[in-house]
Amino acid sequence: MFFHGIGEDLGFRRTGVLYLARNDREQAKHEAWMDHARAHQLDTRLLTAQQVADMLPAAADGTWTGGMWTASDGRAEPAVAVPALARALTRAGATVHEDCAVRALDIVAGRVAGVVTEKGRIACDAVVLAGGAWSSLLARAHGVEIPQLSVGATVAATDPLPEVFSGNAADHDFAFRRRLDGGYTLAPGSFHELFLGPDAFRRFRQYIPQLRADPFGTRFLPAAPQGYPDGWRTRRHWSPDAPSPFEAMRVLDPAPNRGAVERLRRRFAAAFPQLGLPAIRAAWAGMIDTTPDTVPVVDHAPLKGLVIATGMSGHGFGIGPGMGRVVADLVTGTAPGHDLSRFRFGRFTDGSKIDPGGAL
């Protein structure tokens with residue numbers, strides 16, 4: 001989608017993505033991933049410690065022992081991309097309704113016949129549930145169980161700094177990318193916060209493989225802010241004729257973890273000591289909808305007329321264009337041309353082993 005006429009409109013730039021390794025164990029994971037790169041004819045290549053040093057000459061000696069570089073990868077600016085996508089949709093004949101929460105599905109004779117919104121009913125014979133952190137709550141109200149939790153992730157933006165790398169890079173500790181304003185966006189590599197609630201306890205066993213894979217990457221908090229999807233007091237049942245939880249809390253805007261921000265500053269400064277400790281211009285947080293194996297659910301639901309596209313596990317912005325095409329095919333009955341078994345709805349209940357995919 002990026003390369004079919006609107007890539008530049010989305011703020012997309014081919015700047016490359018560099019995954020860095022701090023030890024041999026992390027580099028071995030990059031080496032194993034090369035099987036996927038070769039299978040899909042990607043231009044990904046492994047880098048030695050010296051090649052990483054040549055690419056990041058301002059980095060402190062010995063910070064990274066190797067890496068994996070994909071020059072054709074890039075980035076898009078979310079604040080630019082989302083409005084551009086909405087404009088593209090309207091040009092294609094779609095209508096976009098903002099500030100209009102869906103309260104419930106309209107079910108007739110066992111299949112979807114429309115959606116009930118706060119502004120009235122919309123008749124349709126197919127609905128895509130792509131509600132992110134809210135998907136599980138809406139689905140359960142109609143008897144469809146999606147194992148999904150939401151974790152908080154903190155991000156920070158620095159003041160303008162001298163350029164140390166024009167692309168995007170990440171290791172297990174932190175990630176960084178050059179911003180259009182001359183600063184850097186910094187994010188933790190593996191740190192997230194999980195607000196414990198009813199769903200967290202109900203789904204705990206399913207998330208054990210994910211916790212074992214990164215036992216110290218999640219901080220557990222006793223309760224979500226009021227009105228959040230897995231909040232203790234968030235309603236699980238409501239009438240389509242009355243305000244729903246989706247109207248009570250329209251935007252999930254958790255407070256950033258200040259400790260995480262400080263760690264980001266210090267890790268970035270340790271990696272690039274000549275910059276000193278960067279000043280932080282802004283910090284924010286968001287809720288990532290994650291499944292037990294960190295792989296999305298993209299499939300027909302066991303409710304006729306409902307297609308699920310959720311649990312993007314932090315990858316949604318990047319894989320959105322491709323997933324959008326697949327979801328459109330599912331809705332229209334067109335063969336997607338891809339093996340979607342990895343994304344099937346029933347993999348958490350059919351006895352399959354929970355095999356964690358890529359990190360959040």
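The legends below describe close-up views of cavities and a pocket in a predicted model. Residues are numbered from 1 along each chain as its sequence is written, and side-chain values use heavy atoms, with hydrogens and water left out. Local features need pLDDT of at least 70 and side-chain atom pairs count only at pLDDT 80 or more, whereas totals for chains, interfaces and linings use all residues.

**View 1. The largest cavity, with about 150 Å³ of space.** The whole structure holds 2 cavities of 30 Å³ or more, a cavity being a set of points on a 1 Å grid over the protein atoms alone where a 1.4 Å probe fits but cannot get out. Of the 15 residues that line the largest cavity, Ala133, Leu149, Ser150, Pro229 and Asp230 lie nearest its centre, lining residues being those with an atom within 4 Å of a point. Two or more lining residues come from each of α5 (135-140), β8 (149-158) and β12 (192-195). The lining comprises 9 nonpolar, 4 polar and 2 charged residues.

**View 2. The second largest cavity, with a volume of about 30 Å³.** Its lining consists of Pro188, Phe191, Ala260, Arg263, Leu264 and Arg267, and helix α9 (residues 258-271) gives the most to it, with 4 residues. By class, 4 of the lining residues are nonpolar and 2 are charged, with no polar residue.

**View 3. The second largest pocket, with a volume of about 170 Å³.** A pocket is an open set of grid points with protein on both sides within 12 Å along at least five of seven lines. The residues that line this one include Ala49, Gln50, Asp61 and Trp64, and the lining divides into 8 nonpolar, 3 polar and 1 charged.

Conventions: Points joined across faces, edges and corners; volume = space filled by probe spheres on them. Nonpolar A, V, L, I, M, F, W, Y, C, P; charged D, E, K, R; others polar.
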